[in-house]
Amino acid sequence: MEFTLKTFIFYGFALMTVASALLVVTVRNIVHAAFSLMVTLFGVAGLYVFLQADFLAATQVIVYVGGILVLILFGVMMTSGRLEMRIHIERGQLLLGGAVALALLMLLLTVIANTPAWKNRIDDGTELQPTTERIGELILNGPFLLPFEVVSVLLLVALIGAALISRKEVRD
Amino acid sequence: MTLQHYLVISAILFTLGIFAVLTRRNAISILMGIELILNSCNLNFAAFSRFMTPEDISGQIIAIFGIVLAAAEAAVFLAIILAIYREFGSIRPNEVDTLKG
């Protein structure tokens with residue numbers, strides 16, 4: 001593979017994603033972890049652009065960074081006092097969890113390296129085309145109409161449920 | 001870039017998410033681990049869509065549904081965390097043990 005600007009940027013995004021994800025799981029201060037998570041989400045959005053999924057990348061930034069991350073930060077602010085900001089980790093749990101995670105990573109990498117159908121698959125080299133129209137066509141006028149409606153109702157139910165659970169109980 | 005590049009990144013994200021869920025003692029950190037896992041899964045969908053079926057972008061639509069599910073999950077998760085905090089004054093999962101026999 002020739003080393004072009006594109007591969008350079010790709011490895012930049014990959015490094016950014018992996019390094020900040022590592023920070024999310026190791027850093028002791030939960031607010032720092034939340035901001036590392038933001039960098040991870042941006043990195044994944046950049047990888048989506050490399051996969052020619054521009055709409056998906058935009059959705060990732062808007063929903064994750066603009067929505068879920070702000071929600072997480074609100075959760076931190078509302079539940080963690082000054083003492084709770086630091087995350088306690090037990091040594092035995094750390095060793096056991098690390099061993100399980102490492103074994104899982106080895107398993108996944110072995111599978112990825114040894115599956116013949118996935119070996120050396122290079123993309124067809126087409127230029128980036130806007131996908132928004134095709135996605136809208138498939139969702140609203142195609143096979144994904146029913147899943148779309150189901151997932152909308154699911155989201156509505158989840159949000160109503162969340163509002164109901166988290167409000168203060170009114171005793172009369 | 002080959003398919004395997006993306007799969008390796010996704011595998012690392014998944015593993016880090018599992019590690020966070022297993023070792024962290026704070027419910028919000030566990031939520032962050034779950035978000036990492038969901039992101040790795042969406043990345044896999046997009047990558048397979050691009051490399052295995054370049055003409056068909058259904059994989060991207062599944063990834064969008066995945067983002068919607070992640071949003072719903074985060075909202076309910078944080079609502080439960082708030083309710084637990086109000087009840088127990090803490091969000092460490094091992095201190096919420098009323099149902100323990």
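Predicted model: local features only at pLDDT ≥ 70, side-chain atom pairs only at ≥ 80, totals over all residues.
Me: What share of chain A counts as buried?

Reply: Buried residues are 23% of the 172 in chain A. To be counted, a residue needs 20 or more other C-beta atoms within 10 Å of its own.

Me: Why is Q52(A) called buried?

Reply: Q52(A) has 21 other C-beta atoms within 10 Å, and the cut-off is 20 or more, so Q52(A) is buried. You will find Q52(A) in the loop between α2 (30-50) and α3 (54-79) of chain A. Its phi is positive, about 60 degrees, although Q52(A) is not a glycine.

Me: How is chain A divided into domains?

Reply: The domain assignment gives domain 1 (1-116) and domain 2 (131-172) of chain A. Taken over C-alpha atoms, the centres of these two domains are 25 Å apart.

Me: How many of the contacts in chain A with a separation of 6 or more join residues 24 or more positions apart?

Reply: In chain A, such pairs account for 54% of those contacts. For chain B the corresponding share, for residues at least 24 apart among contacts at least 6 apart in sequence, is 45%.

Me: What is the secondary structure of chain B?

Reply: Chain B has 3 helices and 0 strands, in the pattern α-α-α along the sequence.

Me: How do you know how chain B compares with a compact globule of 101 residues?

Reply: Here, too, the radius of gyration is set against the rule: such a globule would have one near 13 Å, but chain B has 17 Å. The box filled by the C-alpha atoms of chain B is roughly 55 × 25 × 20 Å along the principal axes. Of the 101 residues in chain B, 56% are buried.

Me: How do you know whether the span of α3(B) is close to the expected one?

Reply: Compare the two lengths. The 31 residues of α3(B) reach 44 Å from first C-alpha to last, and 45 Å is expected at 1.5 Å a residue, which is close. Just after α3(B) comes G89(B), with a positive phi of about 70 degrees.

Me: How many residues does each chain give to the contact?

Reply: Chain A gives 69 residues and chain B gives 58. On the side of chain B that touches chain A, the elements giving two or more residues are α1 (3-23), α2 (27-52) and α3 (58-88) of chain B. Among these, α3(B) supplies the largest share, 20 residues. By kind, the residues on this side of chain B are 45 nonpolar, 9 polar and 4 charged.

Me: What is the confidence in chain A?

Reply: Chain A has a mean pLDDT of 87, with 91% of its residues at 70 or more. By helix, α5 (residues 132-140) of chain A is lowest, at a mean of 89, and α6 (residues 145-166) of chain A is highest, at 93.

Methods: Residues numbered from 1 in each chain as written. Chains lettered and ligands numbered in written order. Buried ≥ 20, exposed ≤ 12 C-beta atoms within 10 Å, placed from the backbone. Contact = placed C-beta atoms within 7 Å. Helix = DSSP H or I, 4+ residues; strand = E, 2+ residues; numbered from the N terminus. Nonpolar A, V, L, I, M, F, W, Y, C, P; charged D, E, K, R; others polar. Expected span 1.5 Å × (residues − 1). Domains from an automatic or database assignment. pLDDT = per-residue confidence, 0-100. Rg over C-alpha atoms; globule rule 2.2 N^0.38 Å.
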